[in-house]
Amino acid sequence: MNLSELIVTQAPDGILFVSDAGTIVLANEALCTLSGYQPHELLGQSVELFLPADLRRLHVENRQRYASEPQRRPMGTMGDLTLLRKDGTKVPIDIALSRVDGEGHVGTIAFVRDTSEAKQSERQLQHQATHDALTGLTNRWLFSEYLRHAIAHAQRAGRRVALLLLDLDGFKSVNDTFGHAIGDKLLIDVAGSLTAQVRASDVVARIGGDEFVVLLREVDELLDAVMVATKLIAALSSPRNLDGFPVQTGCSVGIAMYPMDAQEPEALMRCADLAMYHAKAQGRGRSIVFKPGMSDLIAAARRT
């Protein structure tokens, strides 16, 4: 085995040499491992073997176009690609292409890289950037995006959107009595309870500390939002046993509606926050609907 053959054999990426007729002339060990085929199963076969049947004709056209107008194509320039394995599963790949024309060999050489781990890492980073690390719920940033899109859709469709801002009652006491580990378990349990009480189309987010928010994307009446708030309060008021510790908590809920209370996402959040603060001031464990003038009432209460 000469040096060139040794390099091809030991290369970590898959290497394919394909004739202009689309026939596989060479496939290294890495490519065979990636695709699940043995070398003898690939040599002489059409390279379209690696694509689903519905994409093969298009790939033939693209391959012929590349052969007639070749240009170097490095990794990362060909979009999201997949390779169809022998067992029928698909694996995400990246490809670099180069033309070979010399020493009796004419065709295209493809360097094929398995991007499964990179894609998984990308998904994890994306999830970390958009979800709360403790509960797995949508975080504040992503929730703001959902709220903005929901308001835009409601505006076009002439629908309403409800925002329910929740703050746990007695959470500090739980932390002080049982410790932060139990407090964290409580937050995780609360996240599950909230999610179980709303529709799959609605959004539950943790936006900080013991504060959660629920976006009801489409509601017909204010009463619908009030009924959901009542369900959430009942669900969070049930006694919980966390690692053998009896934990009792509840929540206060502020309700704001688009378009009646505000037309902009930030303004709607402020309305829900004012209503939630008012609910706590009224004795907790209840929901309050935002009303104009609430900010003046709260300011007056703070001065007394």
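Me: Helices (H or I, at least four residues) and strands (E, at least two) are DSSP runs, numbered from the N terminus. Where is P259 found?
Reply: P259 is located in the loop between β11 and α10. The model is a predicted one, where local features need pLDDT of at least 70, side-chain atom pairs count only at pLDDT 80 or more, and totals for chains, interfaces and linings use all residues. Residues are numbered from 1 along each chain as its sequence is written, and side-chain values use heavy atoms, with hydrogens and water left out.

Me: Is the peptide bond from Y258 to P259 cis or trans?
Reply: The bond that joins Y258 to P259 is cis, and its omega is near 5 degrees.

Me: What pLDDT does the protein chain average?
Reply: The average is 90, and 93% of the residues score at least 70. The pLDDT is the predictor's confidence in each residue, on a scale from 0 to 100.

Me: Which residues have a pLDDT below 50?
Reply: The pLDDT is below 50 over residues 298-304. Beyond near neighbours in sequence, this stretch has four contacts in the model, a contact being heavy atoms within 4.5 Å. Where pLDDT is low, the predicted coordinates should not be read in detail.

Me: A change of topic. How many residues does the largest nonpolar core have?
Reply: The largest nonpolar core has 32 residues. Such a core is a set of buried Ala, Val, Leu, Ile, Met, Phe, Trp, Tyr and Cys residues joined through side-chain atoms within 4.5 Å. L164, L166 and F212 are the residues with the most contacts inside this core.

Me: Which helices and strands each supply at least two residues of this core?
Reply: The strands are β6 (160-169), β8 (211-219) and β11 (250-258). The helices are α7 (171-178), α8 (180-197) and α9 (222-237). Each of these elements supplies at least two residues of the core.

Me: What is L166 in contact with, leaving aside its neighbours within four places in sequence?
Reply: Its partners include D210, E211, F212, V213 and V214. L166 is also in contact with L194, L232, L236, C251, S252 and V253.

Me: And which residues does the second, separate core include?
Reply: F143, V203, L268 and M294 are among the 27 residues of that second core.

Me: On to S193. Where does it lie, and is it buried or exposed?
Reply: S193 belongs to helix α8. The residue counts as buried because its relative accessibility is 17%; buried means under 20% relative accessible area, exposed over 50%, and partly exposed in between (1.4 Å probe, protein chains only).

Me: What does S193 touch, not counting residues up to four places away in sequence?
Reply: S193 touches L236 and R240. L236 is also one of the contacts of L166.

Me: Now the backbone. What is phi of D243?
Reply: Phi of D243 is near 55 degrees, which is a positive value in a residue other than glycine. D243 lies in the loop between β9 (240-242) and β10 (245-247).

Me: Is D243 buried or exposed?
Reply: D243 is exposed, because its relative accessible area is 55%.

Me: What about phi of R284, and which loop holds R284?
Reply: R284 has a positive phi of about 70 degrees although it is not a glycine. R284 is placed in the loop between α10 and β12 (287-289).

Me: What is the relative accessibility of R284?
Reply: The value is 44%, so R284 counts as partly exposed.
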